[in-house]
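Please look over the chains below before reading on.

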Amino acid sequence: MCDQTFMAATFGPCDSCSKPSPLMNIYIKNEATNYCSLCVEMMACQGLQKGETLESLKRESETLKKKLEEERNKLNDVELHQVAEKVEVLSALSIKTRRVLKGHGNKVLCMDWCKDKRRMVSSSQDGKVIVWDAFTLNKEHGVPLPCTWVLACAYAPSGCAIACGGLDNKCSVIPLSLDKNENLAAKKKSVAMHTNYVSGCSFTNSDMQLLTSSGDGTCALWDVESGQLLQSFHGHTADVLSLDLAPSETGNTFVSGGCDMKANVWDMRSGQNIQSFESHESDINCVKYYPSGDAFASASDDATCRFYDLRADREVAVYQKDSIIFGASTCDFSLSGRLLFAGYNDYTINVWDVLKGTRATILFGHENRVSRVRVSPDGTALGSASWDSTLRVWA
Amino acid sequence: MTINTLAKGGCHREQMACFRKMEKVIVAMQDPDMGMKMRNQRLLITVIPHAMTGHDIITWLTHKYRISEEEALHLGNMLVKYGYIYPLKEPRCLVLRPDESPYRFQTPYFWTSTRWPASELDYAIYLAKKNIRKQGELMEYEKERYSLLHKRINHTWDFVVMQAREQLRASKQRRKADRIVLECQEQAYWLINRPPPGVNNVLDTGLERPNNFSCRVTLNSDYYKREIEACRKALGRNRVKSSICLEGFLKYSEQYLNHDPIMQGCLPSNPWISDDTAHWTMNAEIVPVPTRLRVERWSFSFMELLNDAMGRKEFMTYLEKEFSAENLYFWQACEDIRHGENSKIVEKVEDVYKNFLAPGAARWVNIDSKTMDKTLEGIKRPHRFVMDDAQMHIYFLMKKDSYPRYLKSDLYKNMLAKAIVPQETKKSVFPFMRRQRHSSPSPAQTATQAAEEEGLAKGAGANSAAGSHF
């Protein structure tokens, strides 16, 4: 009945039929359970009304999606680059590497700026998390974690703690102490628990709440102090690779992107998926809000970055070029939102004119994939992390 | 415990997509009309046909994609790194040189995408061939791998050696030029699929990602019904005309253009470029006199004003004058509830009720009766979002009423007039002397100090209170 091969890491009694067999870890109504493959198939067909089949439901869903696209197009009376014709062409940008941060022993997977505009935290494949004063190149803290592939790290808004997580399926918060003798790793506190790797994490407006995205297809909001799950967000059908909080007045939404090629906007209070965009042709590696909060950009393995308008409810620009063959793994806006910096798997950073849709310039320097780019909080510089084990600051 | 479910053919989707694209470029390069001009290249005493120079490759890419030479060199380098083009001179060094160095296209038989992943067996046969052909031709690392393979697949070793001998015999019957070409092609293939130690493995894709629509979230009737429901809701949502939305982006970018250091520079200078931290010192959280750009930014939106500590303080001062400061205090207290620890919610909600909502409260806020009733009802079972409606009401009150009046007030206008416009730092007379880069106190340090000072103050207070008992 089941024609898919899968690797099962657990073997035990099925939650449904109690027979011991290789188990699949799935979600039913937002609850994680373990079923054997036969029960998975049976469960898939449950809840069908008379005359319905999975096929008919799938067809209905697809028809509605087409109708939705038509509706979205009705209000599409002009394209972004047309409106942008009256905007002045960008003057030549002269962006150079100003700092190279060396110290990681392996691929650097993630970085984040501190609110003080000069410090940053970075995490790498060898399990090390380092806090740097990027201005002086000083390493201020180094925390070795027991797991490899620390995919996500974030600086707390107060600057007094960092969060990191990855292949250990957890996201931990580490308070930054200045006592050189203190073992930071010992003060590490596990906050988030997922059933697969943690791909992204971010503090909300304070040090007390943490938002995480995971390879288990969900995002979750946690209370840092108690480690309690405050809200979970289900809707993606594959790994969620990235998330970003909206810079809005009411501060209640965030966007996530994943391997199902979808970008979803969520309401943090209710856990509902309020908007969904599906136009990429491959995994979405990164999502980032436009500074005003009315739009967001996404970077994908299909070698394009796309710009989505939340009020018009559609994709309004695609940033691509024939000569760009490799996937984009990360993106971020400059302070005014006019420039979009995107890091690619061909070791370059392309800088796009968001409004006109053209490529403003290309930054060379890294010697392996660029895994993360982030503009500093006051917009004075761009920080980038790469698989060549270095970080660079560009200005 | 985690389970990986790999759907059929799910491996390396991203990598395969890149290969297809690179192959398109390669095919275009070999187009008889629009492709590259090839010529014969001399290698020692043999003539290799269908070769091209590095310079030609870069020129062709520059013209075809309308890119700079630097970018063409980078793209060409990728083609070499992934094995689609290999060098004839110095074949172990997979780098594109922008000069007369000869290069050749790799045959599709040896494209990485054709035979992927490269098998251990094939590698063993390749190394065996090298070993048999000329003693001592194997490099150190190849010798090590050869013996490792010998141990690992010992059971098929006879087959390996037999294959190697057969292939060598067949190659002896080829023309010398063809033989050299085949050896070069095979070597290039293995340099990429089994890179020498110290060389980046370009085929490294990082963590495995299971294919979409994996069974982790099963596509059952429930899932489709939810999708249908979401689509129906989305169909009913209000959308704004594109022309209006897009104008919004233009306006925003224009408004913030002068504030974007990467685009317009910043005064007195960008610290990352000049090593001078004056810009940060002048824009620190609390300064005696703020910069003009900063004060201007407070007029862009209410959120900008509130997000800036100094702006918020100024606004508070203004509200005190207008006797409506309780609004801002209330808003801040609600923010504290929303973003604070779970454990303190009940206590904080009670405080807010006492200070702002209870009849006769010291800082009573003026909320409409409907919202007030709803909030008071919600307080009976306090949760994180219980104050949301009230908070929103007060926020918009301040935004629509107090904020615009603040911007027209003398308080703001004076601040704007007083604000400094820093002088642009003239470039140093001795540009080769790098300024000393000063370190700054870590936020963690200032927080600890502040906490300590607060603790001392509390202690002193307590002591004096205790002292006054007697």
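Predicted model: local features only at pLDDT ≥ 70, side-chain atom pairs only at ≥ 80, totals over all residues.

Residues are numbered from 1 along each chain as its sequence is written, chains are lettered from A and ligands numbered from 1 in the order in which they are written, and side-chain values use heavy atoms, with hydrogens and water left out.

Q: How many helices and how many strands does chain B have?
A: Helices (H or I, at least four residues) and strands (E, at least two) are DSSP runs, numbered from the N terminus. By that rule chain B has 21 helices and four strands.

Q: What percentage of the residues of chain B count as buried?
A: Buried means under 20% relative accessible area, exposed over 50%, and partly exposed in between, with a 1.4 Å probe and protein chains only. Chain B has 470 residues, and the buried part is 45%.

Q: Which residues of chain B does UniProt list for "domain: RGS", and what percentage of them is helix?
A: The UniProt record, an unreviewed entry, lists residues 301-416 of chain B. Such annotations may be inferred rather than shown by experiment; the positions follow the numbering used here, and feature names are shortened. In the model, the end C-alpha atoms of residues 301-416 are 16 Å apart. The span is 0% strand, and its helix content is 74%.

Q: How many residues does each chain bring to the contact, and what area is buried between them?
A: Contact means heavy atoms within 4.5 Å, and chain A brings 153 residues while chain B brings 113 residues. Buried area is the accessible area (1.4 Å probe) that two parts lose on being put together, summed over both. Carbon and sulfur atoms give 59% of the area between chain A and chain B, which comes to about 11400 Å².

Q: How many salt bridges are there between chain A and chain B?
A: Side chains of opposite charge can pair when their charged atoms come close. A salt bridge is a side-chain nitrogen of Lys or Arg within 4 Å of a carboxyl oxygen of Asp or Glu. Over all chains, the whole structure has 45 salt bridges. Between chain A and chain B the count is nine.

Q: Which residue of chain A forms a salt bridge with Glu227(B)?
A: The closest N and O atoms of this pair are 3.5 Å apart. The pair crosses between chains, from helix H8 (residues 221-235) of chain B to the loop between strand S18 (253-258) and strand S19 (263-267) of chain A. The partner of Glu227(B) is Lys262(A).

Q: Why does the pair of Glu278(A) and Lys65(A) tie together parts apart in sequence, and how many residues apart are they?
A: The two side chains meet in a salt bridge at 3.8 Å, N to O. Glu278(A) is partly exposed at 41% relative accessible area, and Lys65(A) is partly exposed at 28%. Because Glu278(A) lies in the loop between strand S20 (273-277) and strand S21 (284-289) and Lys65(A) lies in helix H2, the pair ties together parts whose separation in sequence is 213 residues.

Q: Which side chain makes a polar contact with the side chain of Asp301(A)?
A: A polar contact is a pair of N or O atoms within 3.5 Å; within protein, one must be able to donate a hydrogen and the other to accept it, and residues adjacent in sequence count only if both atoms are side-chain atoms. Asp301(A) lies in the loop between strand S22 (295-300) and strand S23 (305-309) of chain A. Asp301(A) is buried, with a relative accessible area of 3%. At 2.8 Å, the partner is Asn285(A).

Q: Which residue of chain B does His339(B) touch, not counting residues up to four places away in sequence?
A: His339(B) is in helix H16 (residues 325-339) of chain B and counts as buried at 10% relative accessibility. Its contacts in chain A include Thr204(A) and Met208(A). In chain B the residue touched is Arg384(B).
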